[in-house]
Amino acid sequence: MAGRSEPRASASAAAAPAPAPGLLPPLLLLLCAAALIPRGGGQNLVTEDVTVVEGDVATISCRVKNSDDSVIQLLNPNRQTIYFRDFRPLKDSRFQLVNFSNSELRVSLTNVSVSDEGRYFCQLYTDPPQEIYTTITVLVPPRNLIIDIQKEIAVEGEEIELNCTAMASRPATTIRWFKGNKELRGKSEVEQWSDMYTVTSQLLLRVGREDDGVPVICLVDHPAVKDLQTQRYLEVMYKPEVRVSKNYPVQGLTREGEPLELSCSVFGKPQPTDMRWLRVDDEMPQHVVLSGTNLLISNLNKTDNGTYRCEASNVVGKSYEDYMLFVYDPPTTLPPPTTTTTTTTTTIPTTIADSRAGEEGSIRTVDHAVIGGVVAVVVFAMLCLLIILGRYFARHKGTYFTHEAKGADDAADADTAIINAEGGQNNSEEKKEYFI
């Protein structure tokens with residue numbers, strides 16, 4: 001921001017700073033300035049505002065455009081002369097000359113404090129004199145950042161209160177909350193004491209088992225500091241989490257005569273101390289072996305059917321998980337159905353892999369047997385038909401008469417038949433035709 005100019009009433013007023021201890025006699029400065037005032041215009045003073053963090057170094061620059069060797073002077077907010085050209089009348093060693101020329105007077109102020117904040121004046125002794133000011137703003141980062149938590153150890157489902165306080169900052173800081181990488185919204189209150197601000201932000205958080213061990217972070221957003229934060233890790237107690245798994249058989253069905261092994265895994269905070277197996281709505285079979293978190297049945301039978309529960313508890317509460325056992329029939333092999341024809345015999349063996357697939361296997365076996373029977377009947381019928389047709393044609397083979405045997409049917413014996421046959425021939429010879 002460019003410096004602001006303040007017109008002065010006269011050259012004598014501009015050249016006469018207020019007397020103060022540690023300064024040269026004002027009359028001597030006035031005489032020196034009056035002797036050096038040029039009679040010309042066209043010069044301009046330029047400066048900028050300065051923002052600095054408490055304890056750092058602030059640099060004030062008074063620059064002259066189109067300089068013609070006019071005298072430059074720097075004054076503090078109390079209008080005490082800090083530098084007159086390259087001479088420092090003020091006995092404050094924190095001010096040091098950085099650069100002096102006809103066009104610039106640059107001064108540094110080390111170890112800046114809040115009391116140094118205010119307007120600093122650049123004066124140029126021309127006719128008429130010029131004056132502009134630059135403002136130094138001092139930033140103060142929070143001195144302490146504290147998180148207070150309502151309960152050190154929370155129970156799953158509870159709502160807890162956290163408060164983060166940033167003390168003695170300038171200007172007032174902004175507080176942001178994070179749970180892990182997720183930003184949360186809090187409610188802030190600001191208190192002002194003198195020139196300092198204290199900010200307190202409140203966060204209400206309902207916790208679950210997934211929040212155990214997760215950091216809650218209070219982050220400060222302030223122009224005087226970067227990455228200033230503090231955090232607290234949540235400690236959440238929760239009731240047990242129970243998981244029942246089948247160790248054997250790993251895959252497939254639980255069958256009669258085979259073993260079964262179940263395992264129970266339990267997690268909780270605090271770690272559950274009471275864990276047990278039980279059978280829902282019935283007594284545990286006597287042949288069941290319980291070993292730690294495992295349940296073992298070495299030889300399953302149908303009386304073992306039922307619901308088996310793994311139950312665990314801690315100071316927070318009780319949890320369980322059930323395993324429903326159904327014992328299937330052991331694997332069986334059905335007797336092979338046989339289909340016989342006049343030429344071949346086909347045997348179809350079918351083995352039932354398990355009781356659940358037994359009904360389907362039986363249906364498939366019956367289907368195959370029916371199909372085989374139908375085929376056999378059809379083949380047998382065709383063979384019978386062929387035999388009947390063969391015999392029919394064999395019996396009618398050669399049944400026809402010739403004219404040569406005509407008259408033989410009425411003969412009493414063979415000789416008569418021959419005579420009749422010859423007579424027939426003579427008769428045939430008597431039938432003659434004559435052509436004229």
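Good morning, colleagues. Please keep in mind that the structure shown here is a predicted model. I begin with the chain as a whole. Its secondary structure amounts to 4 helices and 30 strands. Of the 436 residues, 33% are buried. Among contacts with a separation of 6 or more, 62% are made by residues 24 or more positions apart. The accessible surface is about 26700 Å², and carbon and sulfur atoms contribute 53% of that area.

I turn now to the disulfides. A search of the whole structure returns 3 of them. Counting the bonded cysteines along the chain, the pattern is 1-2, 3-4, 5-6.

Let us take them in sequence order. Cys62 is bonded to Cys122, with a sulfur-to-sulfur distance of 1.8 Å. The link of Cys62 and Cys122 is left-handed, at -70° about the S-S bond. Because Cys62 belongs to strand S4, residues 58-65, and Cys122 to strand S9, residues 118-125, this pair ties together parts 60 residues apart in sequence. Cys62 and Cys122 are both buried.

The next disulfide is formed by Cys164 and Cys218, whose sulfur atoms lie 1.7 Å apart. Here the torsion about the S-S bond is about -80°, and the disulfide is therefore left-handed. Cys164 sits in strand S13, residues 159-169, and Cys218 in strand S18, residues 215-222; the pair links distant parts of the chain, 54 residues apart. Cys164 and Cys218 are buried.

The remaining disulfide connects Cys264 with Cys310, at 1.8 Å from S to S. Its S-S torsion of about -80° makes the link of Cys264 and Cys310 left-handed. Cys264 is found in strand S21, residues 260-269, and Cys310 in strand S25, residues 306-313, so that distant parts of the chain, 46 residues apart, are linked. Again, both Cys264 and Cys310 are buried. As for Cys384, this residue is partly exposed, at a relative accessible area of 30%.

In one of them, Arg170 pairs with Glu117, and their closest N and O atoms are 2.5 Å apart. Arg170 lies in the loop between S13 and strand S14, whereas Glu117 lies in the loop between strand S8 and S9, 53 residues away. Is Arg170 buried or exposed? With a relative accessible area of 15%, Arg170 is buried, since the cut-off for buried is under 20%. Glu117, at 25%, counts as partly exposed.

Another salt bridge joins the side chains of Arg209 and Glu241, at 3.5 Å from N to O. Arg209 is in the loop between strand S17 and S18, and Glu241 is in strand S20, residues 236-248; they are 32 residues apart. Arg209 is partly exposed at 23% relative accessibility, and Glu241 is partly exposed at 29%.

Arg309 is in strand S25 and Asp322 in strand S26, residues 318-325, so the pair ties together parts 13 residues apart in sequence. Arg309 counts as buried at 17% relative accessibility, while Asp322 is partly exposed at 34%.

Finally, salt bridges with shared partners join Glu156, Arg209, Glu241, Arg243 and Glu321 into one network. Thank you for your attention.

Definitions and conventions:
Residues are numbered from 1 along each chain as its sequence is written. This is a predicted model: local features need pLDDT of at least 70, side-chain atom pairs count only at pLDDT 80 or more; totals for chains, interfaces and linings use all residues. Side-chain values use heavy atoms; hydrogens and water are left out. Helices (H or I, at least four residues) and strands (E, at least two) are DSSP runs, numbered from the N terminus. Buried means under 20% relative accessible area, exposed over 50%, partly exposed in between (1.4 Å probe, protein chains only). Contact means heavy atoms within 4.5 Å. Accessible areas come from the Shrake-Rupley method with a 1.4 Å probe; for residues, only the protein chains shown count as cover. A disulfide is a pair of cysteine sulfur atoms within 2.5 Å. A salt bridge is a side-chain nitrogen of Lys or Arg within 4 Å of a carboxyl oxygen of Asp or Glu.
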